[in-house]
Amino acid sequence: MRKATNKEEHRVNPKGYYAYHSPSCSGSTLAFLGTSSARPNPDVFRLDLSSSAAQRLVATDASPQTPSISPNGKTIAFIKRVDGWNHIFLVDADGSNLRQVTSGETNEGPPSWSPDGRHLERIS
């Protein structure tokens with residue numbers, strides 16, 4: 001399997017990535033945490049299951065955790081450590097519009113979407 005273009009698109013290589021899977025409702029997209037020899041810290045990726053092409057969505061020095069795709073496949077929620085606390089972040093499935101949605105001195109648990117995708121459930 002190969003690394004592709006400068007667009008951060010990659011072919012999935014079982015030896016080059018590890019994954020925590022979170023499939024979307026359509027079953028055609030998967031969010032996962034992945035590492036590569038170039039970046040040993042995990043990043044958030046989106047995988048198109050039909051082509052096996054993976055796209056890095058979020059590159060961060062703070063190890064992200066537990067990605068979860070919304071039921072409509074448009075948004076990915078994940079945990080990232082900020083100032084010693086785990087907080088929930090959202091990013092659009094194309095890698096744009098990264099935003100932090102929780103704050104304060106609390107550790108958030110894995111995010112989970114409501115079945116209709118309108119609400120994000122969390123454990124603090």
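Visitor: Is Phe-45 buried or exposed?
Guide: In this predicted model, a residue counts as buried when its relative accessible area is under 20%. Phe-45 has a relative accessibility of 0%, so the class of Phe-45 is buried.

Visitor: Which class of geometry, stacked or edge-to-face, describes the aromatic pair of Phe-32 and Phe-45?
Guide: A pair of aromatic rings is described by the distance of the centres and the angle of the planes. The ring centres of Phe-32 and Phe-45 are 5.2 Å apart, and the planes meet at 15°.

Visitor: How many residues apart are Phe-32 and Phe-45, and in which strands do they lie?
Guide: The pair joins distant parts of the chain. Phe-32 belongs to strand β3 (residues 29-34) and Phe-45 to strand β4 (residues 43-48); their separation is 13 residues.

Visitor: How are the rings of Phe-78 and Phe-89 arranged?
Guide: The structure holds two aromatic pairs, and Phe-78 with Phe-89 is one of them. Their ring centres are 5.9 Å apart and their planes lie at 20°. With planes under 30 degrees apart, the pair of Phe-78 and Phe-89 is therefore stacked.

Visitor: Which strands does the pair of Phe-78 and Phe-89 link?
Guide: The two residues are 11 residues apart and connect distant parts of the chain. Phe-78 is buried at 0% relative accessible area, and Phe-89 is buried at 6%. Phe-78 lies in residues 75-82 and Phe-89 in residues 85-92, which are strands β7 and β8.

Visitor: Which residue lies over the face of Phe-89?
Guide: A charge sits over a ring if, among other conditions, NZ of Lys is within 6 Å of the ring centre. At 4.7 Å from the ring centre of Phe-89, the residue over the face is Lys-80.

Visitor: Which elements give two or more residues to the largest nonpolar core?
Guide: The largest nonpolar core has 10 residues in all, including Ala-31, Val-44, Leu-57, Ile-76, Phe-78 and Phe-89. One of these, Val-44, touches Leu-33, Leu-57, Val-58, Ile-76 and Phe-78, among others. The elements that give two or more residues to the core are β3, β5 (53-58), β7 and β8.

Visitor: Is Thr-75 buried or exposed?
Guide: Thr-75 lies in strand β7. Its contacts include Ile-69, Leu-90, Val-91, Arg-99 and Trp-113. The relative accessibility of Thr-75 is 13%, so Thr-75 counts as buried.

Visitor: What is the phi of Thr-66?
Guide: Thr-66 is in strand β6 (residues 65-69). Thr-66 is buried, with a relative accessible area of 16%. The phi of Thr-66 is positive, near 45°.

Notes: Residues numbered from 1 in each chain as written. Predicted model: local features only at pLDDT ≥ 70, side-chain atom pairs only at ≥ 80, totals over all residues. Heavy atoms only, no water. Phe/Tyr/Trp six-rings, centres within 6.5 Å; stacked < 30°, edge-to-face > 60°. Helix = DSSP H or I, 4+ residues; strand = E, 2+ residues; numbered from the N terminus. Buried < 20%, exposed > 50% of the residue type's maximum accessible area, 1.4 Å probe, protein only. Lys NZ or Arg CZ within 6 Å of the ring centre and 35° of its normal. Contact = heavy atoms within 4.5 Å. Core = buried A, V, L, I, M, F, W, Y, C linked by side-chain atoms within 4.5 Å. Lists of a residue's contacts leave out its neighbours within four places in sequence.
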